[in-house]
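Dear colleague,

Please find below the structure that I am handing over to you, with its sequence.

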Amino acid sequence: MGDPETGPVSADGALRPVPRRGSELVLLAAGLVTVAATLLTASLSVTGGAEPVLGLYLAVLCAGALSLHLLLRRVAPYADPVVMPVATVLNGLGVTMIWVIQTTRAATAGEHGDADRQVVWTVVGMALCAAAVVAVRRPQRLTMYTYVIAGAALLLLLLPLSPLGHEVLGARRWIGLGPFTMQPSEFAKVLLVLFLASYLGRRREVMALVTRTVRVGRLKVFSVPRARDLAPMAVGWGLAILLLVGTRDLGTSLLLFGTFLAVLYAATARKSWVLIGLVAFSAGAYAAYLMFGHVRNRVDIWLDPFDEEVYSRPGGSYQIVEGVFALAEGGLTGTGFGGGAVQEVFAADSDLVLVSVGEKLGLTGLMAVLLLLLILAERGFRIALGSRDWFLKLTALGYAFLTAFDVFIVLGGATLLIPLTGMTAPFLSAGGSALMANWVIVGLWLTISETARRPRAGGAERDPATEAFRTRAQPPPPPEARPG
């Protein structure tokens with residue numbers, strides 16, 4: 001595949017950016033063919049014939065993806081050509097796994113209600129992606145609403161603690177809206193990255209340069225930020241601990257605070273910030289371990305899942321142990337869509353969807369899916385590297401780290417590397433909130449890459465919001481350089 005960032009050479013010898021929508025169409029066609037083959041194989045393996053409903057799923061996915069492609073040709077021709085096809089393939093594979101798991105369960109044989117809903121959420125997610133591309137044509141203008149975005153994110157994080165919230169398996173992360181439920185934290189993480197990128201884009205130089213050095217004799221030991229600059233760290237830590245204590249949701253708290261540290265380090269290049277953050281979060285997590293039986297139970301399951309008492313008690317290690325055995329059963333090439341027994345494990349289509357992939361498709365199929373997720377995160381980091389504006393750079397990087405760290409938390413919990421936290425894999429797991437939020441992230445990646453690579457006529461095109469942001473981001477002159 002050619003590099004999307006290179007193009008023809010101009011008169012002055014510089015490489016000019018060119019649209020890569022043709023490359024995107026080729027990748028999209030290959031991805032849709034892959035999804036079609038996967039759906040057909042699943043249908044033949046599970047039911048022995050071609051299920052008409054799977055043809056409908058494929059038609060809806062194709063219509064949504066092609067509509068997005070046509071929109072990008074018109075609105076964002078310089079956007080990254082890889083992100084949308086990869087997201088579409090992952091989404092299609094997720095729908096396939098959800099349908100297979102539901103159809104092969106003895107209690108729900110022949111039913112596919114959750115798969116139908118997942119296709120509906122896919123359409124909504126693609127519509128939100130298109131809305132992000134159209135509405136956020138100049139993403140630098142989002143810096144004008146930094147604290148509005150922060151307030152909205154905080155409100156979403158606190159909603160599960162309101163009367164609308166309800167608790168499931170010890171965690172209070174859902175709210176009920178009539179017959180529907182949603183996880184507000186999935187949308188809050190999108191807003192929090194925007195807030196962090198905007199705030200740290202302005203303060204990064206001061207936070208990176210103004211520190212206090214701890215020395216032993218003449219040996220520099222550590223650089224400590226000023227007390228006033230610890231405010232964003234304190235706020236980030238407070239939100240993470242509030243989320244952990246209030247909702248007992250260790251996974252979301254870990255994901256958001258890890259992303260906060262990653263963006264903070266990218267903005268300042270100070271390892272001291274990361275160390276301070278890790279120590280603070282570890283202290284808060286240990287306090288939660290002492291206070292809440294739900295957190296202690298997760299840690300006990302992680303430390304000794306094969307203990308008979310831990311395995312057999314309510315809410316014990318049965319789920320994770322059966323998931324580990326399912327992964328082992330998959331071997332190198334898998335049991336096939338019609339084989340295996342992972343469908344009998346609780347949350348096989350959400351928390352343990354990567355385990356389901358590993359059993360049905362084997363290590364080979366699981367590595368292929370992980371490679372697609374890696375490509376998605378890599379494109380996010382590439383978009384960040386190609387952005388000249390610090391706000392856009394930190395935003396793209398934050399979403400890339402969010403995606404990669406999410407996969408680590410999900411797979412690490414399923415393989416006992418870390419405690420199981422109940423997080424969902426991007427684009428693969430059943431559930432509308434996470435799917436829609438991830439499509440919004442794809443839309444923002446597309447508009448950021450379009451902004452970064454769009455040619456400027458003679459360098460004369462300037463956006464007032466961008467100029468205002470750049471002016472605010474400049475550090476104040478030293479006292480000796482000021483007039484008077």
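Among contacts in the protein (heavy atoms within 4.5 Å) between residues at least 6 apart in sequence, 71% join residues at least 24 apart. Please note that this is a predicted model, in which local features need pLDDT of at least 70 and side-chain atom pairs count only at pLDDT 80 or more, while totals for chains, interfaces and linings use all residues. Residues are numbered from 1 along each chain as its sequence is written, and side-chain values use heavy atoms, with hydrogens and water left out.

**Confidence**

The mean pLDDT (the predictor's confidence in each residue, from 0 to 100) is 83 for the protein, and 79% of the residues reach 70 or more. Two segments should be read with this in mind. Over residues 9-14 pLDDT stays under 50, and the model has five contacts beyond four places in sequence for them. Over residues 458-475 pLDDT also stays under 50, and here the model has 26 such contacts beyond four places in sequence.

**Overall make-up**

The secondary structure comes to 16 helices and five strands; helices (H or I, at least four residues) and strands (E, at least two) are DSSP runs, numbered from the N terminus. Of the 484 residues in the protein, 50% are buried. Here buried means under 20% relative accessible area, exposed means over 50%, and partly exposed lies in between (1.4 Å probe, protein chains only). The protein exposes about 21,400 Å², of which carbon and sulfur atoms supply 66%; accessible areas come from the Shrake-Rupley method with a 1.4 Å probe, and for residues only the protein chains shown count as cover.

**Helix H4 and its surroundings**

Helix H4 covers residues 113-135. Its 23 residues reach 33 Å from the first C-alpha to the last, close to the 33 Å expected at 1.5 Å a residue; the expected span is 1.5 Å times one less than the number of residues. The buried residues of H4 include Ala115, Gln118, Val119, Thr122, Gly125 and Met126. Against which helices do the buried residues of H4 pack? They pack against helix H2 (52-75), helix H3 (83-104) and helix H15 (432-453).

Together with Val120 and Val124, Leu128 makes a nonpolar surface patch of about 200 Å². Patches are made of residues with over 30% relative accessible area and no salt bridge, with like charges joined within 9 Å and nonpolar side chains (Val, Leu, Ile, Met, Phe, Trp, Tyr) within 5 Å. An α-helix has 3.6 residues a turn, so residues three or four places apart point the same way.

In helix H15 lies Ser433, which counts as buried at 8% relative accessibility. Leaving aside residues up to four places away in sequence, Ser433 touches Met182, Gln183, Glu186 and Phe187.

**Two further helices**

Gly22 is found in helix H1 (residues 21-47) and counts as partly exposed at 39% relative accessibility. Gly22 and Pro77 are 55 residues apart in sequence and 10.0 Å apart in space, C-alpha to C-alpha.

Helix H9 (residues 271-291) has 21 residues that should span 30 Å at 1.5 Å a residue, which agrees with the 31 Å between its end C-alpha atoms. Among its buried residues are Trp273, Phe281 and Ala288.

**Salt bridges**

A search of the whole structure finds eight salt bridges, each a side-chain nitrogen of Lys or Arg within 4 Å of a carboxyl oxygen of Asp or Glu. One of them joins the side chains of Arg379 and Asp80 (2.7 Å, N to O). This pair links distant parts of the chain, 299 residues apart: Arg379 is in helix H13 (residues 353-386) and Asp80 in the loop between H2 and H3. Both Arg379 and Asp80 are buried.

Arg313 and Asp300 also meet in a salt bridge (3.7 Å, N to O). Arg313 lies in the loop between helix H11 (308-312) and helix H12 (318-330) and Asp300 in helix H10 (residues 293-303), so the pair ties together parts that are 13 residues apart in sequence. Arg313 is partly exposed at 26% relative accessibility, and Asp300 is partly exposed at 28%.

Lys360 forms a salt bridge with Glu359, their closest N and O atoms being 3.6 Å apart. Lys360 is buried at 1% relative accessibility, and Glu359 is buried at 2%.

With kind regards
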